[in-house]
Amino acid sequence: VQLQAFGGGSVQAGGYLRLSCAASGSIVRINDMGWYRQAPGKQRELVAISASTGSTTYADSVKGRFTISRDNAKNTMYLQMNSLKPEDTADYYCNAQIKVSRWVSYMDYWGTGTQVTVSS
């Protein structure tokens, strides 16, 4: 199983980007999916989670600006980031809880990071 994140880039403050995360491989079912970010010199932090139930959770710092969504048929998750601020600059990582067989439990998978740079 692989998770690949893409869509990062450099934008000016107030701009927008859309990140995508595609899961591929032998996948039976995906539970929660989420986006995390890590800025230079800081710990990785939660950005948003999309539960398999349809509920979503956001970090306070991105509420009202970011929207997480997923296409279960495509095993793909998105993060629409609007009104970007310089403090949103970080490497963004996707995470998913994936069941690869009916005989095993969900396992955590991390995708490659995609860099987001917001200039003032």
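**View 1. Asn75 and the residues around it.** Setting aside neighbours within four places in sequence, Asn75 makes contact with Cys21, Ala22, Ala23, Ile27 and Ile30, where contact means heavy atoms within 4.5 Å. This is a predicted model, in which local features need pLDDT of at least 70 and side-chain atom pairs count only at pLDDT 80 or more, while totals for chains, interfaces and linings use all residues. Residues are numbered from 1 along each chain as its sequence is written, and side-chain values use heavy atoms, with hydrogens and water left out. You will find Asn75 in the loop between S7 and strand S8 (76-81); strands (E, at least two residues) and helices (H or I, at least four) are DSSP runs, numbered from the N terminus. Phi of Asn75 is near 50°, a positive value in a residue other than glycine. With a relative accessibility of 23%, Asn75 counts as partly exposed; that class lies between buried, under 20% relative accessible area, and exposed, over 50% (1.4 Å probe, protein chains only). Leu46 is 29 residues from Asn75 along the chain, and 20 Å separates their C-alpha atoms.

**View 2. The largest pocket.** S4 gives the most, with three residues. By type, the lining divides into four nonpolar, four polar and three charged residues; Ala, Val, Leu, Ile, Met, Phe, Trp, Tyr, Cys and Pro count as nonpolar, Asp, Glu, Lys and Arg as charged, and the others, Gly among them, as polar. The space in the largest pocket is about 150 Å³, a volume being the space filled by probe spheres set on grid points joined across faces, edges and corners. On a 1 Å grid over the protein atoms alone, a pocket is an open set of points where a 1.4 Å probe fits, with protein on both sides within 12 Å along at least five of seven lines, and lining residues have an atom within 4 Å of a point.

**View 3. Tyr16 in its loop.** Look for Tyr16 in the loop between strand S2 (9-12) and strand S3 (17-24). Tyr16 is exposed, at 59% relative accessible area. Not counting residues up to four places away in sequence, Tyr16 touches Val11, Gln80, Met81, Asn82 and Leu84. Trp110 stands 94 residues from Tyr16 in sequence, and 24 Å away in space, C-alpha to C-alpha.

View 4. Ser83 lies between S8 and strand S9 (90-99). Phi of Ser83 is near 50°, a positive value in a residue other than glycine. Ser83 is partly exposed, with a relative accessible area of 41%.

**View 5. The setting of the close-ups.** The protein chain has eleven strands and zero helices. Its C-alpha trace spans about 50 × 25 × 25 Å along the principal axes. Of the 120 residues in the protein chain, 40% count as buried. Among contacts with a separation of 6 or more, 55% are between residues 24 or more positions apart.
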